[in-house]
Amino acid sequence: MTKRILVIGAGPGGMATAMRLAHKGYAVELFEAEDRVGGRMRGFTLGDYAFDTGPTILQVPRVYEELFNEVGLNFTDYMRLLRLDPNTRLRFWDDTVLDLTSNIPAFKQQLAALRPDLPDAFERWYVEHIRKEVVGYAPYLGTPVRPVFDYLRPSELAAALPFRPWETLYDHYWRHFQDERMVYGLSYPAKYLGMHPAACSSVFSLIAFLEFEYGIWHPEGGFRALAQALGKAAADLGVQIHLNTPVKQVWLEGRTVRGVELASGERIAADAVVVNADFGYAQQQLLPPQARGRYTDQKLKRMNFSCSTYMLYLGVDRRYEGLPHHQLYLSEHIRKRERPYVDDSALDETNPSFYVCNPTLIDPSNAPAGHSTLFILVPIPNTSYNVDWDAKQASYRDLILDRLPLLGFDHVRDHIVAEECYTAVTWEQEYRTYLGAVFNLGHDWAQLGPLRPHIRADHTRGLYWIGGAVHPGSGLMTILEAARSATTFITEDLPIAQPMAAVALP
Ligand SMILES: Cc1cc2nc3c(=O)[nH]c(=O)nc-3n(C[C@H](O)[C@H](O)[C@H](O)COP(=O)(O)OP(=O)(O)OC[C@H]3O[C@@H](n4cnc5c(N)ncnc54)[C@H](O)[C@@H]3O)c2cc1C
């Protein structure tokens, strides 16, 4: 007989886990509070303009292909990915421009113009990372987390130590390049781990390598189309998706999960519950105290949560031809290695770094002909630092619009037709994200691997977590890897008889 599993939240992690569980033969129901799937990547429309809300950078497409293949589907039947070149254009505090690209010879040519020995230094770094991917990806990112001592076995240490994991990302890049443009340029992905390179382990240099090696991609129709594709695939596999159906709390008897109680008051019984709602939010809102284990309010306060993001989503009546899809301005302030710069504990109101996505050139479907959308992101403090956004929002908008020419977006103010703005408060309240910390838990040593919250809840039988808070981390790629681990744990704990293979009669 099959077993029934309920998933709370149709974020990417919830949908990927639901797909895998349905394929294994479980009866899966997914409850989503909003009117559409996708979570932080659900997107929205404003008049004739369609916007992605969260992710814009898709790394390592094989992770998506594997998800679909492993459940018997073909990713290309659901989604087309478009490769970007350059991957990202960086503009630095000193006006240097560097295009990160998977065209390695072209990248080295740019490096030679910065300093003649940099291409060779980059070559050495690249070769080291070919090995680092072999040693680091499958055993660490691509497999379920193991007990701490497992990582301390002599064979593990012998494999890992040559890569100096104790170094910070800053020290790692400085050792290789002795140039702060390279240090901050290659460590920008640390931001979406919620970390400053001076506070982040060098193990994460693997992310920059993966972007060089496998490129950066854009899902045709945007990440909101990717969200719909995951939802459709889940439905095709038999997952019942209930939209506009917020869960009030996980229903428990003692320390055993019995199901969920919906906001409507209805109780749905199940053998297991997978929580994809944001970890901190769900601890506080969806679990009774006996199921929270050590994650009390005090513990959550002591944990390190990521920054939030200020967002401007603009529909404009022109196109910015010739400007890359992804651009990042790295200001002088990113070089400061003290508070508040290193931990985003205060709003930078003078010279913040910022990112702009210009998606319409490659994907014109999101705006009327001749128009485009712009997606502007600025790292800001999460809500634990009490920025008064009612007072600051208008002036911050002005500051950011004034700075857009730094990335080539001239006279944007004159062309705005539609506009939406998010602050940390929006992420907290409208996206049910603890502290508005959009990249979830930070990835410092105390919150890595087995020290992150566990997928299989420690104190409650039948409760599982999936999303950015669990190992291996908070990006789409890592969350999809975690969905495979979640399925492994659930099939171990709740085995069901596999459907018999059909036998051909003579
Ligand atoms: C601005 C921004 C930029 C980002 N950029 C990138 C990027 O470029 N690349 C990348 O890989 N990642 C990026 N990320 C991170 C990525 O978006 C997240 O890691 C990912 O969306 C988190 O997925 P999740 O599975 O944890 O679920 P979430 O997206 O957090 O979804 C959780 C779901 O649970 C639902 N829910 C909550 N409470 C309830 C309830 N009580 N009942 C029912 N449903 C509930 C929510 O409505 C939501 O749909 C970005 C995020 C943001 C915000």
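Predicted model: local features only at pLDDT ≥ 70, side-chain atom pairs only at ≥ 80, totals over all residues.
Student: Let's start with the ligand. Which residues come nearest?
Tutor: Among the 36 residues around the ligand, the nearest are G9, G11, G13, G39 and G467.

Student: And which elements give two or more residues to that shell?
Tutor: Those are α1, residues 12-24, and α14, residues 476-493.

Student: How does the shell split by class?
Tutor: There are 18 nonpolar residues, 13 polar ones and five charged ones around the ligand.

Student: OK, switching to α2. Which of its residues are buried?
Tutor: Helix α2 runs over residues 62-70, and V63, Y64, L67 and F68 are buried there.

Student: Why do they line one face of the helix?
Tutor: Looking down the axis of α2, the buried residues fall within an arc of 130°, so they sit along one face.

Student: What's exposed on the other side?
Tutor: R62 and N69 are exposed there.

Student: And what do the buried residues of α2 pack against?
Tutor: They pack against α1, α14 and α9, which spans residues 223-236.

Student: New topic: β11 and β12. Parallel or antiparallel?
Tutor: Antiparallel: β11 (residues 247-253) and β12 (residues 256-262) pair over six bridges.

Student: Which residue in β12 is the bridge partner of W251?
Tutor: That's G259.

Student: How many residues lie between the strands of that hairpin?
Tutor: Two residues, and in this hairpin G254 takes a positive phi near 60°.

Conventions: Residues numbered from 1 in each chain as written. Near = placed C-beta within 6 Å. Helix = DSSP H or I, 4+ residues; strand = E, 2+ residues; numbered from the N terminus. Nonpolar A, V, L, I, M, F, W, Y, C, P; charged D, E, K, R; others polar. Buried ≥ 20, exposed ≤ 12 C-beta atoms within 10 Å, placed from the backbone. Arc of directions from axis to C-beta. Contact = placed C-beta atoms within 7 Å. Pairing = 2+ DSSP bridges.
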